[in-house]
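Please look over the sequence and the fold shown below before reading on. The report that follows takes up the local backbone, the sheets and the ligand surroundings in turn.

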Amino acid sequence: MNSTVSTPIAFDYPQQDASGLTCTAQAWAKVPAPLTDVQKQSVLARIRSELIARKAVLIAHYYVDGAIQDLALETGGFVADSLEMARFGKNHPAQTLIVAGVRFMGETAKILSPEKTVLMPDLEATCSLDLGCPADQFALFRSLHPDRVVVVYANTSAAVKAQADWMVTSSCALAIVHQLHQQGKKILWAPDRHLGSYIQEQTGADMLLWNGACIVHDEFKGVELELLRAQHPQAVVLVHPESPSSVVAQADVVGSTSAMIKAVVDGNAAEYIVATDQGILHRMRQLAPGKHLIAAPTAGQSATCKSCANCPWMAMNGLQGILQCLEQGSGEIDVPEPTRSNALICIERMLDFTEHHPELLAKAQHGFVKNIGAA
Ligand code: 13P
Ligand code: SF4
């Protein structure tokens, strides 16, 4: 079976240096070679028995291929957002974690569980936010603003997390920054500029923002979304906060991937417009089979449509890669010391906050300012 990859695909992503100057850099993603049905069944069978033999557990993000999500659930693993993936990997007794997602997710698992073996189907599966925030430039930037509490998004390298006071994911970012603001703290935020501006508007916090972006969510278009909403006036609009403000402003619910799924499952509406990676539709359809799900527009007159709502790096996760992890021990994540121990501090702070302040998380889920995607 050919497990090699097809032609690499180039993507532009924004990058900033310490002085605040931005440029556009290029990155690469690749696509696993497709499998025939017969090959797929054979690979699935081998993965199932290897997971048992190695006492390993598969943890997948909602954006990876539906077959991988199904396999994770069927074999006692987990499919979740980045916060829940981190917590599940830490608490699960398995000695080997197979993380199907992007590199920062594998690194977070390893930082939290250094005694476990953490394997990923493709170690080159990265994220434009991680790439757009190089650790050395971030260190310089941070040193220019020593009076600010450093809050970084999960979508960063271990070396950036090692410099932070707090790590946050989209499910808890609003609540944590709100709390810091209440305590009178000024924030240095990195790297996602859209999530940063949304939190700034919602909390009124003094936030200095790094200029990074997710190439997938950056492509959603406010004007085309307005037109789509006019065609579906009853539809509930769900938006991931990595999207531009013109899109977030039209949301009924702004939230993490898990929050978006919960909104569809719990909602009374028949129609939902979904502004995030289309991989999420697989789980939404399973959990809310009767609901009509409409992909938010990336195409249209104002679009460049580079990504079309499919993360090129999440797409690098293939069944063949998972099998290679299990049979050959490939794709092992290593986070050297002292980076690991330093990065652990900000992650544990977040896990502790989310465990002990469910009421603050619930309050933040409904937003603090009305009519900016008030959930
Ligand atoms: P979630 O934490 O909402 O799963 O988001 C992760 C991510 O990479 C979104 O693009
Ligand atoms: Fe990164 Fe965007 Fe892909 Fe999420 S969807 S992993 S933020 S590039």
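In which loop does Lys55 lie? Lys55 lies in the loop between helix H1 (37-53) and E3, where helices (H or I, at least four residues) and strands (E, at least two) are DSSP runs numbered from the N terminus.

## Basis of the model

This is a predicted model, in which local features need pLDDT of at least 70 and side-chain atom pairs count only at pLDDT 80 or more, while totals for chains, interfaces and linings use all residues. Residues are numbered from 1 along each chain as its sequence is written, chains are lettered from A and ligands numbered from 1 in the order in which they are written, and side-chain values use heavy atoms, with hydrogens and water left out.

## Backbone features in loops

Lys55 is not a glycine, yet it has a positive phi of about 50°.

Two cis peptide bonds may be described together. The bond from Ala190 to Pro191 is cis, with omega near -10°, and Pro191 is found in the loop between strand E9 (187-190) and helix H9 (193-203). The bond from Glu337 to Pro338 is also cis, with omega near 5°, and Pro338 belongs to the loop between helix H14 (319-328) and helix H15 (339-356).

Strand E1 (residues 9-16) and strand E2 (residues 22-29) pair in the antiparallel sense over eight bridges, two strands being counted as paired if DSSP finds at least two bridges between them. Tyr13 of this pairing stands opposite Ala25 in E2. Five residues lie between the strands of the hairpin, and Gly20 takes a positive phi near 100° there.

## The sheet containing E3

Four strands form an open sheet with parallel pairing, in the order E4-E3-E5-E6. Its edge strands are E4 (78-80) and E6 (117-119), each of which pairs on one side only. The twist averages 20° from one strand to the next; axes are lines fitted to C-alpha atoms, for helices over the stretch in contact, and angles run from 0 to 180 degrees between N-to-C directions.

Within this sheet, E3 (residues 56-61) and E5 (residues 96-100) run parallel and are joined by five bridges, with Leu58 having Ile98 as its bridge partner in E5. Helix H3 (residues 82-91) lies across E3, E4 and E5 and runs at about 170° to E3, contact meaning heavy atoms within 4.5 Å.

## The sheet containing E13

Another open sheet of four strands has the order E12-E11-E13-E14, again with parallel pairing. Strands E12 (253-254) and E14 (292-295) stand at its edges with a single partner strand each, so one side of each is left without a neighbour in the sheet. Four bridges join E13 (residues 271-275) to E14, and the two run parallel; Ile273 stands opposite Ile294 in E14.

## Surroundings of ligand 2

Ligand 2 is surrounded by Tyr63, Val102, Cys127, Ser128, Leu129, Asn155, Cys214, Val216, Glu242, Cys311 and Trp313, a residue being near a molecule if one of its heavy atoms lies within 4 Å of it. This shell divides into eight nonpolar, two polar and one charged residue, where Ala, Val, Leu, Ile, Met, Phe, Trp, Tyr, Cys and Pro count as nonpolar, Asp, Glu, Lys and Arg as charged, and the others, Gly among them, as polar.
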